[in-house]
Amino acid sequence: MNGNNFSNEFRVCQTTGLKVHLPAQRLIWIHAVTAVVALLLGGLMAIIIAMTRWLGPITSNDWFYRLITGHGINMLYFWIVFFEMAGVIFAATAVLGARWPGVKFSWFNYLLMLIGAILTNVMILFKKGNDVMFTAYPPLKAHPIFYLGIILFAVGALLTLFQFMAAIVIAKKEGWHKGSLPLFTFGILIAVIIGIWTLLSGAIAYVPVFLWTIDLIPMPNVEFYRIAFWGFGHSAQQINLAAMVAIWYLLALLTTGAKPINEKFSRIAFVTYLLGINLGSVHHILVDPTLGSAYRIFNTSYLFYAATIGSLIHAVSIPAAIEKAQRLKGLTNGKFEWLTKAPWGNPGFSGLIISFVIFGFLGGVTGVLMSVEQLNLLHHNNLRVPGHFHVTVVAGTSLAFMAIAYYVIPLVLQRKLIGEKIAKFQPWIFGLGVMTFSVGMTFAGILGVPRRHFDISFRDAIFQVDSMSSGLVKGMMALVGLGAITAFIGLFMFIIVAVLSVFFGEKVPTKMEKHTPPHPVAG
Ligand code: HEM
Ligand SMILES: [Cu+2]
């Protein structure tokens, strides 16, 4: 008798045989659904900002900054992190066939995150003067509730990450899972470790600023804030990276049966992400006077390569695994039959490849260039910056999340997909759109167009600024506009399929079983 004081209700997936802990399933559901709501909100804001960029001011100055603040926060914080919370619960339960500990506590944490997200959104949208962007650099000062919302959200997320650690320990201790963790869960574990560090850095940045806004302490040192903030902001991208790569491996397995040729090597590559956690943060403060030039250059050259080596390993390992799996199926004609006859109509597969290619090539190349100190001085705060991070965190991470959702909905949330035809084209349209507007942003930035700016034509400037008269700039901004419309259509297609399926999809037949740990631990 192992004294189960947890709900031992499990659902056995008829397709994969996965055992899904029911309370965990509900938690995955609520986090994923909330993530999609944030994605929709962020998407609606994006299209208005993008049209202002392309066609000139279509909102007031005031609203532009509110929307850009809301877009950054809803997308980068709320969409991504709610989805990641669904991912960590999935990785520690369904993938291991294990239970999720502390279910009530999880709901409490979810509520913290939800209340935080609502408070921050309300402050941005309904109260003037809270448009300090997600970076919230002092001396910009928003209402205390703006920061409080972000802090509550982060505390909820942090507690969920601790629960993930507990879940893994319990899965081993109670004998739900034996042996080493599956690669996907291992990748998520790495993301979680980085996540804990990240959220603690976030606290060092945001908490003093919050205390300042309620007049408890003087304004935090601005340079200190920027360093702490990027300890959070950059590391958060390392979480997204590790989670995305873990999903790539899982998608490769689910869509083609691919298993890494050398799994140990892939695990080592994940571990290098841990070593490189914070190395990249310095590229965000390359124009700041805080650090000396020698360190800046050393960091963004030699140290920086240590942080990219892991990604280079995955970049070889994942396609190799797919090629091997395909060749074993007999697709051996010529060099590329394995690729041409791959399941391109499956949005899980096309999403994986499009995310992989855009992230790897455009994200990698623009990122490496931006981390060079000399070039950074040239493009700092111009459109080249969002041109870079939309190919990484949108075409890369967000698209990978969408692609795995097409599997999570039927396999974990138990609903058949509605709109499979829409889903089939979605990754292509979204990928094409994001790539197009990011290329437009990148080149417009090289031509000097600023980011985060209400009126890039500087109509009201005292001096005549000739930034928009060049046909090339106009052309690039048209790419931004057209790409943004295409990306928004792709984003909306995902939301339609996800929402219709989750709420109205036919229930996937299932079998309920009571489970106790299958490998009782002796003693
Ligand atoms: C349809 C999809 C999207 C479109 C059309 C879009 C478009 C834009 C545009 C036009 C900007 C303003 C650039 C500037 O002038 O400074 C922007 C900023 C930004 N976007 Fe997106 N975006 C999309 C999706 C996303 C997603 C999914 C994420 C995150 C996962 C994201 C994260 C950001 C961030 C962090 C900023 C910077 C905000 C700031 O400067 O404070 N975007 N986006
Ligand atoms: Cu960074």
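**Exercise 1.** Find the bridge partner of C13 in β3.

*Solution.* The model is predicted; local features need pLDDT of at least 70, side-chain atom pairs count only at pLDDT 80 or more, and totals for chains, interfaces and linings use all residues. Residues are numbered from 1 along each chain as its sequence is written, while chains are lettered from A and ligands numbered from 1 in the order in which they are written. Strands (E, at least two residues) and helices (H or I, at least four) are DSSP runs, numbered from the N terminus. In β3, C13 is partnered by T510. Strand β1 covers residues 9-13 and is joined to β3 by five bridges, the two running antiparallel.

**Exercise 2.** Work out the strand order of the open sheet.

*Solution.* Strands pair if DSSP finds at least two bridges between them. Three strands form the sheet, in the order β2-β1-β3, with antiparallel pairing. The edges are β2 (19-21) and β3 (510-514), each of which pairs on one side only.

**Exercise 3.** Determine how helices α12 and α14 are arranged.

*Solution.* Start with the axes, lines fitted to C-alpha atoms over the stretch in contact, with angles from 0 to 180 degrees between N-to-C directions. Those of α12 (residues 384-411) and α14 (residues 471-504) come within 11 Å and cross at roughly 15 degrees. The helices are therefore roughly parallel, a term for angles under 35 degrees.

Next, list the contacts (C-beta atoms, placed from the backbone, within 7 Å). M402, A405 and I409 of α12 meet F494, A498, S501 and V502 of α14.

Methods:
Parallel < 35°, antiparallel > 145°, perpendicular 65-115°, else oblique. Contact = placed C-beta atoms within 7 Å.
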